[in-house]
Amino acid sequence: MVKKLQPDADLAPTYGSRAMAEPVPKYTLPDGEMTPQTAYQLIHDELMLDGNARLNLATFVTTWMEPEAERLMAETFDKNMIDKDEYPQTAEIETRCVNMIARLFNAPEDCEAVGVSAIGSSEAVMLAGMALKWRWRARREAAGKPVGKPNLILGANVQVVWEKFCRYWEVEPRYIPMQEGRYVIAPDEVVERIDENTIGVVAILGTTFTGEFEPIEAIHDAVVAHNAAHDLAVPLHIDAASGGFVAPFIHPELRWDFRLPNVVSINASGHKYGLVYPGVGWAVWRDKQHLPEELVFHVNYLGGDMPTFTLNFSRPGNQIVGQYYNFLRLGREGYTRIMSTLRDTATELSSKIAALGPFELLSDGSAIPVFAFRLKDASRYSVYDVSERLRVRGWQVPAYTMPPEAESVAVLRVVVREGFSRDMADMLMNDLDKVIEELEADPPSRPKQAEADGHFHHG
């Protein structure tokens, strides 16, 4: 009698396995096991439904890195950044990155600049905001004044994380509204909102709505003059999440950083134009006096005294390694070459879009490689219709309305990142041209509008 053999799971065809022939539990833990190959293939196939990250022109976040960087990052997934005693070289690399960034942002030689890595600019913003509040409170207490009503001056064009900071840390946000034709804050609007309870002013180097630089030096000078006239000490924080790794290379003469003496802290996103995959941001202070010591915790249960100033205690060190790889690999010359190329691609693409006819530019991509444009006439079809038609072709180009008091302006935005070539820009132009032809020939019965309860996250 011939004994029937059971098929070896390792020899069975991938899509012939039982796991592939039955529904997979999605919201409860399965009872049994499956082979690694089957688990991989199931998840891999589901992820095909995601959009193509390289065609995502909505996000500022890096979607391409060199293979050598990917290899280094894969080798360091298992290193917890917080375990500095166990991973001293990763900690040393973080320190090197902080020093490189502080010098890139022109930290004064006679000061002791300090900084930390973070999950992204969202965490870095929280840390910088806390330092502003703690410093303000210390000044008030030293003067014997009440500390119950802190406020922060910022534009309505800030990223939503600033709203979160104000809500979580009980700070009154004093928003400067936008208006049609002006999507950045102005010095006079800043100083008229300052009082003795103002913990700081936030100015943006590269807004997420249009990519524009706010007039940081003019804002700085107006605040300094106001402080002198009213015996105040209101500092500036620069949100350089988008522009911090762009401006030093293609706008080196622009004074926005620690060259301005009342700029006390800066945040920047390594995973945006720092060119690292998602998960790394930086907060830097011009001098250690601007980072209150009581915010720094010291722990020793990991093997040695370890100062830490983070909201997240456990995170992989591989993004720090990826950042250091880029700094070593590219240097100033490489970053300048990349940012110049991205800017040129953005400005050429924006000029071609403007030349199509139906669109007008709100920005052209010359500040950072980001630009926004609107329809001159939205009566027959809307930017949401254009965005939807482009999505069918694989492109993710977001449509959204501008900040409060400019909500009537609906725009499309393109973020040009490393990995987006001139050839890809030509393909986008060809598809956009076809979309316009289709909409002009057969407009929708009613132009598509923004979802009533939708919220576009500008990052």
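**Close-up views of a predicted model**

**View 1. The second largest pocket and its lining.** Helix α4 (88-104) and strands β1 (114-118) and β9 (306-308) each supply at least two residues of the lining of the second largest pocket. Helices (H or I, at least four residues) and strands (E, at least two) are DSSP runs, numbered from the N terminus. With seven residues, α4 gives the most to this lining. The pocket is lined by 33 residues, and Val98, Val114, Gly115, Val116 and Leu291 lie nearest its centre. Its volume is about 800 Å³. On a 1 Å grid over the protein atoms alone, a pocket is an open set of points where a 1.4 Å probe fits, with protein on both sides within 12 Å along at least five of seven lines; lining residues have an atom within 4 Å of a point. A volume is the space filled by probe spheres set on the points, which are joined across faces, edges and corners.

The model is predicted: local features need pLDDT of at least 70 and side-chain atom pairs count only at pLDDT 80 or more, while totals for chains, interfaces and linings use all residues. Residues are numbered from 1 along each chain as its sequence is written, and side-chain values use heavy atoms, with hydrogens and water left out.

**View 2. Asn326 in helix α10.** Asn326 sits in α10 (residues 318-356). Asn326 is buried, with a relative accessible area of 6%; buried means under 20%, exposed over 50%, and partly exposed in between (1.4 Å probe, protein chains only). Beyond four places in sequence, Asn326 is in contact with Met65, Gly274, Leu275, Val276, Gly331 and Tyr335, where contact means heavy atoms within 4.5 Å. A polar atom of the Asn326 side chain lies 3.2 Å from the backbone oxygen of Gly274.

**View 3. Leu275 and Asp231, two loop residues.** Leu275 is in the loop between β6 (263-269) and β7 (281-285), and has a positive phi of about 75 degrees although it is not a glycine. Asp231, in the loop between α8 (216-230) and β5 (236-240), has a positive phi of about 55 degrees. Most residues other than glycine have a negative phi. Leu275 is buried at 6% relative accessible area, whereas Asp231 is exposed at 72%.

**View 4. Residues 452-459.** Over residues 452-459 pLDDT stays under 50; pLDDT is the predictor's confidence in each residue, from 0 to 100. Where pLDDT is low, the predicted coordinates should not be read in detail. The protein averages a pLDDT of 92.

How values were computed
Polar contact = N/O pair within 3.5 Å; in protein donor to acceptor, adjacent residues only side chain to side chain.
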